[in-house]
Amino acid sequence: MTEKGFESRLHDDRIRIEKMENKHFEYSSAFQLITAFYGSQEHDSTGSQALSVILNLDKPVLCSLAAVITYLKEFNLEKILHNPLNFKKLSSEAEYMTLNGTTLKNLEILQNQTDRKTKGSLFWVLDHTKTSFGRRKLKKWVTQPLLKSSTDDKNSSTYDGITCHKKHLCNGNTRAFNRQL
């Protein structure tokens, strides 16, 4: 979409558009800004670690980070970016398996193949959630399974609970088991 077309759609006063000069997104100036920003923390041991973590990011990410730092400095909020250990990747391609529509259909993950209803699918068997949030979370877990199990994962306690209580599933007592989750 062109800039003119984008601006024509934005007549809502709740939307704020801010433009930055292209120099904020150039790699050389971004590199200088980031090394100055994270290099100034070197009075403690976390400064050099933070700089090494940041410099391992891809070039487009570094350019965007420099622009965000510049923007946040206007409001004196740049300190929230001092600890790169709090950064999280938006892309989850490395964490989750991507199942295409054919796979979901053939494995009857969300719908059965007989009448295209949820009843009889894997999701139907596992879904004993009480809230819509829980249902959405379960749907995400079923359609995007983890590529590798990790003990560092925040869901590992759930995974451990599932493996420890296998006997409930084998005995057909899935409702009592799912209430424990």
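Tyr38 is located in helix α2, which covers residues 27-39. The model discussed here is a predicted one. The points below begin with this residue and its surroundings, continue with other aromatic rings, and end with the chain as a whole.

**Tyr38 and its surroundings**

- Tyr38 has a relative accessibility of 0% and therefore counts as buried, the cut-off for that class being under 20%.
- The side chain of Tyr38 extends to the backbone oxygen of Leu81, at a distance of 2.5 Å.

**Aromatic pairs**

- How many aromatic pairs does the structure hold? There are three aromatic pairs in the structure.
- One of them joins Phe37 and Tyr38, whose ring centres are 4.8 Å apart. The planes of these two rings stand at 90°, so the pair is classed as edge-to-face, a term that applies to planes over 60 degrees apart.
- Phe37, with a relative accessibility of 6%, counts as buried.
- Tyr71 and Phe75 also form a pair, with 5.2 Å between their ring centres. Because their planes lie at 65°, this pair is edge-to-face.
- Are Tyr71 and Phe75 buried or partly exposed? Tyr71 counts as partly exposed because its relative accessibility is 28%. Phe75 has a relative accessibility of 39% and so counts as partly exposed.

**A charge over a ring**

- What lies over the face of Tyr27? Lys59 takes that position, at 4.8 Å from the centre of the ring.

**The chain as a whole**

- The secondary structure of the chain consists of ten helices and zero strands. Along the sequence, the pattern reads α-α-α-α-α-α-α-α-α-α.
- The chain has 181 residues, of which 21% count as buried.
- When contacts between residues at least 6 apart in sequence are considered, 49% of them join residues at least 24 apart.

Methods
Residues numbered from 1 in each chain as written. Predicted model: local features only at pLDDT ≥ 70, side-chain atom pairs only at ≥ 80, totals over all residues. Heavy atoms only, no water. Helix = DSSP H or I, 4+ residues; strand = E, 2+ residues; numbered from the N terminus. Buried < 20%, exposed > 50% of the residue type's maximum accessible area, 1.4 Å probe, protein only. Polar contact = N/O pair within 3.5 Å; in protein donor to acceptor, adjacent residues only side chain to side chain. Phe/Tyr/Trp six-rings, centres within 6.5 Å; stacked < 30°, edge-to-face > 60°. Lys NZ or Arg CZ within 6 Å of the ring centre and 35° of its normal. Contact = heavy atoms within 4.5 Å.
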